[in-house]
Amino acid sequence: MSRLAEKRILLGVTGGIAAYKACGLTRQLIQAGACVRVVMTRAAQSFVAPLSFQALSGNPVHLDLLDTAEESAMGHIRLARWADLILIAPATADFMAKLRAGLADELLGAVCLAAEVPILVAPSMNRAMWSNPATQDNASCLAARGIRLLGPAEGGQACGESGYGRMLEPAEICRAMEKFFVQGSLAGRTVLVSAGPTREAIDPVRYLTNRSSGKMGYAMAQAAIDAGAKVTLVSGPVALDPPMEAQVVRVESAAEMFKAVVGLATRHDIYIGTAAVADYTPATVAEEKIKKHEAALVIRLTRTRDILTAVASLPNKPFTVGFAAETGNLESYAREKLEGKGLDMIAANRVGQAQGGFDTHENALWVCWNGGVKNLPMASKQDIAIQLIELISENYRAKNST
Ligand code: C5P
């Protein structure tokens with residue numbers, strides 16, 4: 001039986017050429033056993049007649065905000081309460097902008113504004129409209145609010161151009177929705193992840209940093225989102241796109257990361273410190289660029305404050321997970337850090353070798369907690385992150401059930 005069986009899906013259709021695909025989508029949802037009600041915007045009705053959706057869904061189609069007719073008089077509040085999930089497919093650039101702004105001048109906008117259920121959006125538009133900073137900004141903002149974006153896909157478009165902007169195929173949308181109804185192991189949990197390197201200024205143009213690419217931390221953030229968590233990502237400077245659904249706080253130095261993480265930590269259930277925080281920072285930052293007058297230059301460094309230790313000593317501390325990058329004595333150094341920093345778990349990896357560790361796509365971890373250890377053999381950072389998130393959620397649940 002499909003996970004969509006008996007689910008009440010409110011399908012919002014907006015005015016794009018892919019509106020015709022929403023007919024096939026309605027049919028597939030009905031075949032999967034879902035109960036579907038369709039809300040169409042005025043523009044959508046120029047592409048497909050409401051009668052098509054009425055015939056396919058077996059329910060009257062909702063068109064007007066101020067409709068007093070008997071059958072479709074289910075007002076916007078009742079429609080929003082009726083649904084288990086709202087799916088907007090296709091979602092035009094215009095509708096995404098309206099959704100971001102919270103406009104309720106049409107029935108669909110009003111329903112979304114009144115909704116307390118998950119909203120999924122399948123964008124569909126010309127590739128330039130999709131990549132326009134205004135649309136990208138709207139998409140990031142919607143995702144950060146917890147609205148899940150499905151696609152768009154890349155390929156040929158009705159306008160004759162090619163690129164990102166195609167609506168996903170109905171079967172792909174149905175599959176994504178099925179996944180949505182599987183309760184992730186971190187559903188309802190909040191997770192704070194720190195990632196990437198830090199930069200410690202020497203003078204206005206130079207800094208000290210390390211080889212961290214941020215890949216492991218970003219993969220952890222994505223895996224936590226996929227497991228159902230609401231994620232805040234505190235990131236040092238990296239060349240990666242963060243997961244759309246994460247709330248991102250960008251920092252540069254170890255001191256900035258300390259302030260951001262410690263300030264946010266008690267508002268989260270779990271803190272995962274993957275960042276490669278500088279251990280030392282220049283004692284003073286030269287105001288002017290340092291000139292090469294001296295044959296040798298001495299820069300005095302002072303220790304940075306340990307973020308993990310600070311988080312683990314907070315009165316309402318989250319479940320705290322550290323990372324340890326070591327070139328040798330992996331297990332004993334990791335155990336020392338687990339105890340010394342007061343952590344709930346630590347994930348250790350060997351660095352300085354050809355495979356795994358800093359700035360590579362793969363990693364292997366030795367994970368240790370009070371009462372257990374587990375080896376996660378070499379795999380892509382994405383795979384390792386999924387396995388580690390599962391281990392973290394098991395240990396988090398075990399700790400909170402005692
Ligand atoms: O002590 P070491 O730096 O090897 O420990 C690594 C772990 O400690 C990582 O999880 C890293 O994010 C964290 N760390 C920290 N604050 C620092 C240095 C490291 O939270 N100043």
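This is a predicted model: local features need pLDDT of at least 70, side-chain atom pairs count only at pLDDT 80 or more; totals for chains, interfaces and linings use all residues.

I started with Glu326, and found it in strand β16, which covers residues 319-326.

Next I asked myself: is Glu326 buried or exposed? I got a relative accessible area of 10% for Glu326. The cut-off for buried is under 20%, so Glu326 counts as buried.

Then I looked up what Glu326 touches. Leaving out residues up to four places away in sequence, I listed Tyr333, Lys337, Asn349, Arg350 and Val351. With Lys337 there's also a polar contact: the two side chains come to 2.4 Å.

Lys337 turned up again when I moved to the ligand. I counted 13 residues around the ligand, and Lys337 is among the closest, along with Gly273, Ala275, Phe323 and Lys341. Which elements each supply at least two residues of that shell? I wrote down α11 (307-312) and β16.

My list of polar atom pairs at the ligand:
- For Phe323, I have a polar backbone atom 2.8 Å from an oxygen atom of the ligand.
- For Arg305, a backbone N or O atom is 3.0 Å from a ligand nitrogen atom.
- For Thr304, an N or O atom of the side chain is 3.4 Å from a nitrogen atom of the ligand.

How much of the ligand's accessible area does the protein cover? On its own the ligand has 450 Å², and I noted that the protein covers 86% of that.

Last entry: I checked where the ligand sits, and it's in the second largest pocket.

Definitions and conventions. Residues are numbered from 1 along each chain as its sequence is written. Side-chain values use heavy atoms; hydrogens and water are left out. Helices (H or I, at least four residues) and strands (E, at least two) are DSSP runs, numbered from the N terminus. Buried means under 20% relative accessible area, exposed over 50%, partly exposed in between (1.4 Å probe, protein chains only). A polar contact is a pair of N or O atoms within 3.5 Å; within protein, one must be able to donate a hydrogen and the other to accept it, and residues adjacent in sequence count only if both atoms are side-chain atoms. Contact means heavy atoms within 4.5 Å. A residue is near a molecule or strand if one of its heavy atoms lies within 4 Å of it. Accessible areas come from the Shrake-Rupley method with a 1.4 Å probe; for residues, only the protein chains shown count as cover. On a 1 Å grid over the protein atoms alone, a cavity is a set of points where a 1.4 Å probe fits but cannot get out, and a pocket is an open set with protein on both sides within 12 Å along at least five of seven lines; lining residues have an atom within 4 Å of a point. A molecule sits in a cavity or pocket if more than half of its atoms lie within 2 Å of its grid points.
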